[in-house]
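Dear colleague,

My notes on what was found in it follow directly after.

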Amino acid sequence: MDATDKAEIQKAIKDMVGQAVSMNPDPNPWSIMEEFTKTVVTLSSALLAITVTFSGKLIGDLDSWASGILVGSWACGAASIICGVAAHGLIVRFLKTKKGAWATRMANTAFIFLVISTTGIAGYGFLMAKNSQVSSAVEIAQIVLKDMPNISGLENTKWDLISLEFNNLKNIYSLIITEKENGQKYNVSITSKGKILRTNKINAA
């Protein structure tokens, strides 16, 4: 192989390398950010759609502050979508006019709202799972009988269970409890998860 052949081979290799580089140029950071904001908007939209669709099952017997976590998470998810759409618009504006200083901030804000929304929904799911244990009728009766001194305001008293009914549609137990000594009676409504909803003293006829 003479010097001419070597030179031609080297030239061919350089041409091949040059073509490979031209086919795989360095990615445009604004294009990457545009795809990033699209992903954030897609994830936020999916998270909102799924949780709102099943909101009837998600909102259960938890306290109002816990339900507030879910509503706040939805608000953050909506804010994430708004910021993501705004960031996408600013990126397009920058690519056309080279003016879009707020694009990066809006994209980061959209991501932060998505993280907060996801964390809030995950936390609410944990509270739901923790509160989802269904008690048996015996356990429900024990809960109510144990709490009767607090309900009635009568300390050192003994109580008996007269009747217990269960509403399948509402998942609520209704119990009638009587005090052994003076015969005071109370009607107690309690969920199948052990949360007392209301108590009513039954006046003697």
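Predicted model: local features only at pLDDT ≥ 70, side-chain atom pairs only at ≥ 80, totals over all residues.

Residues are numbered from 1 along each chain as its sequence is written, and side-chain values use heavy atoms, with hydrogens and water left out.

Val144 also belongs to the largest nonpolar core, which has eleven residues in all, among them Ile140, Met148, Trp159, Tyr173 and Tyr186. A nonpolar core is here a set of buried Ala, Val, Leu, Ile, Met, Phe, Trp, Tyr and Cys residues joined through side-chain atoms within 4.5 Å; buried means under 20% relative accessible area, exposed over 50%, and partly exposed in between, with a 1.4 Å probe and protein chains only. At least two residues of this core come from each of α6 (137–152), β2 (172–179) and β3 (185–191), and α6 gives the most, with four residues. A second, separate core has nine residues, including Trp74, Ile121, Tyr124 and Met128.

As for the chain as a whole, there are six helices and four strands, arranged along the sequence in the pattern α-α-α-α-α-α-β-β-β-β; helices (H or I, at least four residues) and strands (E, at least two) are DSSP runs, numbered from the N terminus. Of the 205 residues in the chain, 28% are buried, and residues 24 or more positions apart account for 53% of the contacts with a separation of 6 or more.

Ser117, in helix α5 (residues 103–130), is buried, with a relative accessible area of 1%, and, apart from its neighbours within four places in sequence, Ser117 is in contact with Leu47, Ser73, Cys76 and Gly77. Asn156, by contrast, is exposed, with a relative accessible area of 78%, and is found in the loop between α6 and β1 (159–167). Most residues other than glycine have a negative phi, yet Asn156, which is not a glycine, has a positive phi of about 55 degrees.

With best wishes

Definitions and conventions
Contact = heavy atoms within 4.5 Å.
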